[in-house]
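Have a look first, then read on.

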Amino acid sequence: MSLRVGSAGVAMLVLALPFASFLLLALVRPLRRSAVAAATVSITAMVAAVGAAFWLSWHAGRRVPLQSPSTTWSWIPADGGPMATVGVMVDEISMAMAMLITFVSLMVQIYSWAYLHDEPRASLGRYYAYHSLFAFSMLGLVLSPTFIQMFVFWELVGLCSYLLIGFWYDRPSAARAAVKAFWITKLGDLGFVAGIVMLWAAAGTFDFWDLFRMANLGTLPHAGLPLIMFLIYLGAVGKSAQFPLHVWLPDAMEGPTPVSALIHAATMVTAGVFLVTRAFPLFLLVPGVLTLIAWVGAFTALLAATMACVETDIKRVLAYSTVSQLGYMMAAAGAEAPGAGFNHLLTHGVFKALLFLGAGIVIHVFHTNDIFRMGSLRGLPWLWGPFVIATLALAGVPPLPGFFTKEAILGGVLEARLMVPFAMLALTAFLTAFYMFRVVFLAFFGRGPGDAPAHHHVPGLMSGVCWTLAALSVATGVAMARQVLRSGHHDGAPAWLPAFSLALAGGGIVLAWAMYQRPLIDPARVAGALAPLDWAARRRYGIDAVFTGLYRFVLLAFSRLIGWLDRYVVDGVLNALSALTLRAGDRLRRIQSGLPQDYVYGVALGALVLFVLAQWRLR
Amino acid sequence: MPLSAYLTLAALVFAIGLFGVLTRRNAVGILLGIELMLNAVNINLVAFARFAGDLAGVIFALFTIAITVAEVAVGLAIVIVIFRVRRTVEADHLDLLRG
């Protein structure tokens, strides 16, 4: 018992450290205005949080299976037990997420110091305040023991995402992207909150552990559950950029690159996958919704991969790749293999953050995001090394972690007999290797018109962070490889699967090499052969246009209608009433002539009328 | 003389006073009209007192006379002040309270 209380305390500490840093930076103005102090406070808090998170997972040990991992306090008291509770839930997935979040946050905060060094001091203070708030919110999200607390933090991370996408708020495109991200994710969140409330109405609790127990005992009312779980899944669709709500993520790249690495690749966008993983015992009760999740996930993966193949902005390629990989994770969850999806989330979090930070280095060197205007970094392995390692990991080349987790997902989908999603995911794996190596060959080894990079100094802090993440990725991959070799092939998946996924990755790499490194195949001819697809992918399949149209012709038209009603009907009634009062007052004013004799006439007339009336009544 | 004669006299005096109040344009004339109306009331009170054999009416009349004196004093003072400010006591021109 003491250990459990202890671990809850440490979890609270993990949560409190970034929050304290945020409060300090937000409330103490001189601290925020001085960038060095702000960065020091924020990074120190993150170092301590990393320590606490790792201590937690090291010492938590094996928990008792039937005992609740949550420690809660009552929040909204009501008759017969509290209506809502708050607390922390310390189990395997929340601890793994806490480690990932704190570690990547720390790396990104250190990297940001070098990357954003030319920013004004005060902006940097604001930046670190937002980062601390984000770390707090994200940790609160993963440690939530109840749906309602999760929702609160879910919205908080959305807010941080908005603030950080719009960090350069004087750029109109960044401001627009921030608003777009906020609105599109809110669209999904509407479903999420409705689902939570309906689930509460059906089950009477927000608590995950209570809900899981009810699900296991079969006491959860089944009527309406598919709709509830679908609505909750909608929240994940918005946050994890699943089709059709994926449009905000590529635009979110308007934020600073380290922000993209942390929030829009490694942590926040995986919140949707985390939600499905967390609530998986509930999703298991609704196989229809699970199948939908798998199909949507696989479709998203393929759609985003095709768009990544034609994109020329390095960060947007990575953004589409993130959408695609999130689709992968969702497909795994939908195929009843949430563990595989969650493992992919963790490894992807590390190497995708690394990809963004590595992209930050080339952007820093060439001062452009366009991969066709980069190139010729061939002689500088300490700059391209981490990016290439991460690319290999994403493409799925052993012994890097992406290979194992992706293969596990493919195996899980195959096991669930979802043949079409499997084919889509396999094609995606091929495309992933292709578009990632297209970026590598063009941006790092190309012969683009980029300046000679020798003149550019890349801060050691930036490459140091990249190499740390690369080393972590390799170490994870090697550990996974050793485990696979020791335990032999895991059951369920067919024996040809590893070779198949390796062939997909290799095929993609070779194709990219042939098209962009050795001009054996002319990219223009391939584009010509696939002209309709190329045309559609370059226009993002019109999905952005659909949203713009919805916004402009439905939402704005509706707003105008409401505005007209307000202006002319609601205001009109009040204006008419006041005008009537004014007019009547103006007329009645005239009887006050101010002449005393007129009043005497009035009195005499009144007396006469009274006299006549009295006479008439007496008769 | 019967009571009705007194009452008729009072009604005549009251009507003459009211006519004066309504038609005179001079503020002093209006005040005179009011005096006539009050004295008509006094005639009524005294006549009823005489015929009912009750002194209460007479006492009322005495009070009315005292109050009338005060009223005339105040009224004339107001008229004088108005004349000083406006240089006129024509009732048609005293319409400061017009809405």
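1. Among contacts in chain A between residues at least 6 apart in sequence, 81% link residues at least 24 apart. Contact here means that the C-beta atoms, placed from the backbone, lie within 7 Å. Keep in mind that this is a predicted model, where local features need pLDDT of at least 70, side-chain atom pairs count only at pLDDT 80 or more, and totals for chains, interfaces and linings use all residues. Residues are numbered from 1 along each chain as its sequence is written, with chains lettered from A and ligands numbered from 1 in the order in which they are written.

2. Chain A has 25 helices and two strands; these are DSSP runs numbered from the N terminus (helices H or I, at least four residues; strands E, at least two). Its C-alpha trace spans about 120 × 60 × 55 Å along the principal axes.

3. How much of chain A is buried? Of its 619 residues, 49% count as buried, a label that takes 20 or more other C-beta atoms within 10 Å of the residue's own, with C-beta atoms placed from the backbone.

4. Now the partner chain. Ten residues of chain A are in contact with ten residues of chain B. On the chain A side, helix H25 (residues 596-618) gives the largest share, five residues.

5. One helix pair deserves a look. Among the residues of H5(A) that meet H6(A) are A:Tyr130, A:Leu133 and A:Phe134, while the H6(A) side includes A:Phe153 and A:Trp154.

Notes:
Two residues are in contact if their C-beta atoms, placed from the backbone, lie within 7 Å. A residue is buried if 20 or more other C-beta atoms lie within 10 Å of its own, exposed if 12 or fewer, and partly exposed in between; C-beta atoms are placed from the backbone.
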